[in-house]
Structure formats: C-alpha cells, structure tokens
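Let's walk through a protein model together, one step at a time. Keep the picture beside you as you read.

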Amino acid sequence: MIKNVNKLQHIDYDKLKILIDNNDYLNFKKYLYSSNLFNINFSNNDFNCDTRKYKQIAKYVYLTEKKNYKRKFTDSLVYKTSLNIIDINNKIRDYYNWKCEICGINCFNNKNILDIHSKTGVIGMNNNVTKKDIIICCRLCHFNIKPSEHWNLDMSKTIINKIHYLRNLNKKPRTMRLFALKKF
Ligand SMILES: [Zn+2]
Ligand SMILES: [Zn+2]
C-alpha cells in the first residue's frame, strides 16, 4: 500500500479532476506537456521509456470519465491527447532522424506529418516502451496500418499532398531533387 502512495505522489489528482469535470482537453494537454512524463534513455538504435506516470494519469482520467460521465474511450481526454504522446518532446523522432520507417520519406522539415504508432495502444502500453513497441511513420502510412483504428487522425489535404510530394521527391534522380528543392 505504502509503495502505491509513493508512486502516485507526483500527480495532481485535484487538478485532473477539475479538467475531467470540465472536459477541458486543451488544458489537459498542457498539463501533460508541463509534467515530466517520460524518462527516455537511448542506446544502440534502441531506447527505454518509462511510461508509468503517464499510464497512471491515463487510467485515472479514463476510469473517472467512464464512472462519472459514461464517456466512451473515443470521447475521452486520454484518447483526444494520445497522438504521439510517447514522444511528447520529439526526442524519439529526433533520434531516428524524422524518417518514416514504412515509405522512407524524410519529415525533418515537415515535423507535423510524422507520427509514432503504438502497437498496443496508449492504455495498453508497457511500463517500459522500447523500439519494438512502436512504429515511426508518416500520417498516411500510420492511417494505413489499420484504418478502422485511425479514423480520427488529421488527414487534411495539405498533409496528404505534402506526403505525396515527399514520396515523389524520393523517386526522382538526384539532380531533379536538387532542382525541386530549390524551387520550393
Ligand atoms: Zn510513410
Ligand atoms: Zn497508431
């Protein structure tokens, strides 16, 4: 019991309760950004990310929403803020050079189109996430992993056009590529 109390002491449950009551997802997101959620260590093309704190927050929020407001998971603050949560500070995508592992495009100059797909979903995340638990992928590859589970990703035209543009760029010979880069 005492062990549990120690574990939970750095989470502001009063604040979380207010955010849940108000269904305030923007400030919930801010709270996640401000709290020191993940401790990530990199080594030899792999990493260890301690996700216990986030999981405790997510579980508490989700269960409280479900109990008090009967919110579905897809209406939950947790779900609404889950995109790329594991890489909230961009450290992982930085380490792997902003490249889509599936189609190979480089998203360094278009960081908003590169996602991190969690193979187990955010609630089912391991306490210690490593490279094998995730896929770094562009929005389109992300969606195509399992469309039925990714219906709420932002698939706006600007994003999709940008991905097609970068894929085409990869296909062109080097001189053409330089020309295209100069032009845009
Ligand atoms: Zn891709
Ligand atoms: Zn995903």
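Predicted model: local features only at pLDDT ≥ 70, side-chain atom pairs only at ≥ 80, totals over all residues.

**A guided walk through the fold**

N44 is exposed, because 6 other C-beta atoms lie within 10 Å of its own. Residues are numbered from 1 along each chain as its sequence is written, while chains are lettered from A and ligands numbered from 1 in the order in which they are written.

Now for the overall plan. The protein chain holds nine helices and five strands. Both kinds of element are DSSP runs numbered from the N terminus: helices are H or I with at least four residues, and strands are E with at least two. Of the 184 residues in the protein chain, 22% are buried. Two residues are in contact if their C-beta atoms, placed from the backbone, lie within 7 Å. Among the contacts in the protein chain with a separation of 6 or more, 59% join residues 24 or more positions apart.

Let's return to N44. You can find N44 in the loop between β1 (39-43) and β2 (46-50). These two strands form a hairpin with two residues between the strands, and there N44 takes a positive phi near 40°. Why point this out? Because most residues other than glycine have a negative phi. N84 is another case, with a positive phi near 60° in a residue other than glycine. N84 belongs to the loop between α5 (77-80) and α6 (91-95), and N84 counts as partly exposed because 18 C-beta neighbours lie inside 10 Å.

What order do the strands of the open sheet follow? The order is β1-β2-β4, three strands with antiparallel pairing. At the edges are β1 and β4 (128-129), each of which pairs on one side only. Strands of a sheet pair through backbone hydrogen bonds, either parallel or antiparallel. Here, two strands pair if DSSP finds at least two bridges between them. Between β1 and β2 there are five bridges, in the antiparallel sense, and S43 has D46 in β2 as its bridge partner.

Next, look at β3 (residues 114-118) and β5 (residues 134-138). These strands pair in the antiparallel sense over five bridges, and H117 has I135 in β5 as its bridge partner. Is β5 enclosed or open? Four of its five residues are buried, so β5 is largely enclosed by the rest of the structure.

S118, in strand β3, is also buried, because S118 has 21 C-beta neighbours inside 10 Å. Leaving aside neighbours within four places in sequence, S118 is in contact with I86, M125, D133 and I134. S118 and I85 are 33 residues apart in sequence, yet their C-alpha atoms are 9.5 Å apart in space.

The loop between β3 and β4 holds V122, which counts as partly exposed because 19 C-beta neighbours lie inside 10 Å. Beyond its neighbours within four places in sequence, V122 is in contact with A58, V78, S82 and I85. V122 and V78 are 44 residues apart along the chain, and 8.4 Å separates their C-alpha atoms.

Finally, let's visit the cores. A nonpolar core is a set of buried Ala, Val, Leu, Ile, Met, Phe, Trp, Tyr and Cys residues joined through C-beta atoms within 7 Å. The largest one has 18 residues, and those with the most contacts inside it are C100, C107, L114, I136 and C138. Two or more residues each come from β3, β5 and α7 (139-145), and β5 gives the largest share, four residues. Apart from this core lies another, of eleven residues, including L19, I20, F28 and A58.

Definitions and conventions. Buried ≥ 20, exposed ≤ 12 C-beta atoms within 10 Å, placed from the backbone.
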